[in-house]
Amino acid sequence: MTGAQFLFYALGLATVMGGLGVVLSRNVVHSALALLLSLIAVAGIYVLLYAEFLALVQVLIYGGAIVILLLFVLMLTRSGESPLVLDNPQKPVALVVSLLFMAIAIVSFFLTRWKLAQAPRGVDFSVLGGSLFQDWVLPFEVASLVLLVALMGAIIIARESPQ
Amino acid sequence: MTFEDAYRLSPELILGFFAILIVLLDLGVRRKGWLAALTLVGLGASAAWTAVLTAGGWQGTALGDTLAVDNFSLFFKFLFLGAAALVVLASTGYSIRFARFQGEYYALVLTSAAGMMLMASGRELITLYISLELTSLSLYALAGFLKDPRSNEASLKYLLLGAISSAVLLYGMALLLGLTGETHLDAIANALGRMPGANYPVLFLGIIFIVTGFGFKIAAVPFQMWVPDVYEGSPTPVTAYLSVASKAAGFAITLRVFTLALGGPREAADWSLIFAILAVASMTLGNILAIPQANIKRMLGYSSIAQAGYLMVGLATLSDLGRSGIIFFLASYAFTNLGAFIAVIAISHRIDSDLISDYAGMAHRSPLLAGALTFCLISLVGIPPTAGFIAKVYLFNAAVQQGLAWLVIIAVVNSVISAYYYLGVVKAMFMGTPLSLERVTAVRPALAALAVATVGVLVVGILPEPLISIAQAVGRSLIP
Amino acid sequence: MPWYVDITARVGAMLIFLILTVLALVWLERKFAGRIQMRLGPMRTGYQGLLQSLADAVKLLLKEDLRPANADRWAFQMAPFVVFVPIFLIFVTIPFSRELVIRNLDMGLFYIIAVSGLSIVGIVMAGWGSDNKYALLGAVRSAAQMISYELPLVLALLGIAMQASSLNLVTIVEQQRFLPNLFMQPLGFTLFMVAALAELHRSPFDIPVAESEVVGGPFIEYSGIRWGIFYLSEYVNLVAVAALASLVFLGGWEWPLLPPAAWFLVKTFALIMVIMWVRATLPRLRIDQLMDFAWKILLPLAFVNIFIVGLYRLYQWPTWTVSLISLAMAIVAAATVYHFPGGERR
């Protein structure tokens, strides 16, 4: 096993552990922190794939913004006293369905001959910027409109009614 | 971005510009009626530009091949702009219910229209996905505008289920990308054409996920769970918008992705079967569950599920005729359903109730609104001389030609079932005893919108040829 | 030398350097603030109190590491490290001179922005895990403040990146051989320093840790070594911000006469002294003023700054015009702040 392989499995393990923590933890704040672990580990996998920029974006957006936002919301909306009931009667059904899906997905992934990348190499930062603003300018700019809409929607839903 | 790119993107750019302008003006404008007028101006400007693109021979691709300007996308642009305009007109009386957020309301209608237009024009998965999100996020917010418990429930349910479905969709797209290494639809088709059969399981998984994501948008069974509650809780103009424009956008993106990227014979055989099954489920379940509904918005919600079922018959045909049938059906469905909803908006706003039993005797209180609603409901059943009749005949004919007679038989049986609950409303309006003798009227813009929709239903029902030739041209333009 | 020995040696050296610097800075701040406020500061431990920080450090190491009974064990104990590690990671790519750097990353500036945002999580963990309402309140304030001020901070750095067409810190410094960015973008520098004060929880933006309001904020329940790590991270963060500012705005090591690393340290320490000076002089803002200031003044100015730099890049304006516009804007900003309406408490 090469060093890169070792790192990959370690990061994969961290990702899965984090994901399990999100789902299984009975404390929502712990879930949010486990999510952070999972997301950072994914950033590590990006680094292994020579996608440093993506890794940094992952850390910045998910670690620095989304998890913080989650924690913020959790801390502001629930008091420590309220019972942390997260179970509902659908749990066994959900378990069966997700295990079934996992089985199907794993089997089909193994049956498939994936298209492998050629010799791995990083992409120069300026090339990335150029492609983002030239070839992919439409989705990029639409994304900004999406954010604006989300902001407006959040304000409308959060503000109290006129009366 | 070159000049040509900007030119081809202008219909959407205009909408975005007007959306931001309206939000800014909302700060200062006291009489909010101006905002509705400005919204119509924006929609009109965008439509004018679309007309310039259509007539001026600007068809082609733009922006690094992410955007297609072809007859298909131009047709849907007109459809969405028209639907949005009618919805805005119909909202004029209604919008006092959210007086504080009128500017945002019109801005979100515009952004969602822009999103739908991009959904119909994108020819690349990332663009399509982000456009779908633009549409969905605008609609999630619009569903919660009334800010009462039902509206909040509608918004929350729509958001949660929509987020899950778009995650599934994204997973499906990621599988396609992983398999082919491409996100441009035609490149995906090329890559799949060269691919050995052994890669099939993942491709099939991807197809199922994408069907799930799009099925949510078009409200097909079994992805319809959100429909009744969201339709009931949302402001009624938004419900109308959801049932017409959002569904049409779902069909536009489905047609584009499945025929362009997954149109190879191996893939097509599979997804046409999937859509045939979904069509049967949607028609049957939608129609049967519509029968016991007491609330007219819920009833129309289930009816829209059933209509999605009829439309999916067209997807199952895999033929040019079937595709043009979908397009014709969507256009006539837009007129019909908008007409029905505009009448419902006017009546329900006045009597402050959505219950069918409260519609009793409406023919005496407002012959005009009741008559228009009746006419549209007849069109929804598919009885001549309405657009709905021609649309069903056209579409089912296409299916029979492709050897899907079994599907058509089920669809016809379902149409008969649907007559029961559609005509139940008509019966209540004409035979029931009115609860009061107070006249029910609507504001002028809403009446104008109603007139446009109803006349549209009638004209298409009597003189379908022009629309049929348009639909055929549009259907053909999908495959280059 | 194998690469892992090399990297361990570099990281170890950096850690030792930082700890020593922090010990010195604690002493320096106490003496400096004392002088400004006409006091002597620590005098008893060693000559002029030189050994005071060392004595404090030893005390912290020996103190009992307390944990409140109802605290969330996991979050409470991890928090100091979650705060410290990201801040320390900033130094991975801070060059002291062209050669004296652990690892010169091509996207160094972006890396610093990305990594430094993570330490908010630690503060939130500390505040939530302590099971103390003041700690929680302080953590919420801190998160809100850091998110708000991160925007102008990052946008100010974006102006630099646009001008340099690079995110590599070494490249950015070398481009300032003749004219430090301070003179090119006085507005950007002002924005950066003000936002950095807030990021550091330094006066006048020390609302999250205000003793008189939230009795010390997120760190209230901590003692011993864990408290020490928070204290250490606070000062390491101070060094990081000052080092970054001296690199991207003051031209880092690129000045003649003195050896490069020495110039870098001189500039960094000068900036640190300015920050200490501000702390010893200014009173604390109110929380609503703090948020208003970030969103209504700093953020628009940051956009203006980027706009100016963009025009300069696009039309190749002569340098002095840009400097002048930027300076004028900085003065406008200062005037606005001076007349900034305090507003009624809402």
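Predicted model: local features only at pLDDT ≥ 70, side-chain atom pairs only at ≥ 80, totals over all residues.
Let's start where chain B meets chain A. Here, 36 residues of chain B are in contact with 26 residues of chain A. Which elements of chain B give two or more residues to that side? They are α4 (102-121), α5 (125-143), α6 (149-180) and α8 (200-218). The largest share comes from α5(B), with ten residues. If you sort the chain B side by residue type, you get 20 nonpolar, twelve polar and four charged residues.

Now for the backbone. As a reminder, most peptide bonds are trans, and most residues other than glycine have a negative phi. So keep an eye out for exceptions.

Chain B has some cis bonds to show you. One runs from B:Val221 to B:Pro222, with omega near 5°, and B:Pro222 sits in the loop between α8 and α9 (227-233) of chain B. Another cis bond joins B:Pro384 to B:Pro385, also with omega near 5°. You'll find B:Pro385 in the loop between α15 (367-381) and α16 (387-401) of that chain.

Over in chain C, look at phi. C:Met38 is not a glycine, yet its phi is positive, about 60°. Its place is the loop between α1 (3-36) and α2 (52-62) of chain C.

C:Ser165 has 12 C-beta neighbours inside 10 Å, so it counts as exposed.

How values were computed
Residues numbered from 1 in each chain as written. Chains lettered and ligands numbered in written order. Contact = placed C-beta atoms within 7 Å. Helix = DSSP H or I, 4+ residues; strand = E, 2+ residues; numbered from the N terminus. Nonpolar A, V, L, I, M, F, W, Y, C, P; charged D, E, K, R; others polar. Buried ≥ 20, exposed ≤ 12 C-beta atoms within 10 Å, placed from the backbone.
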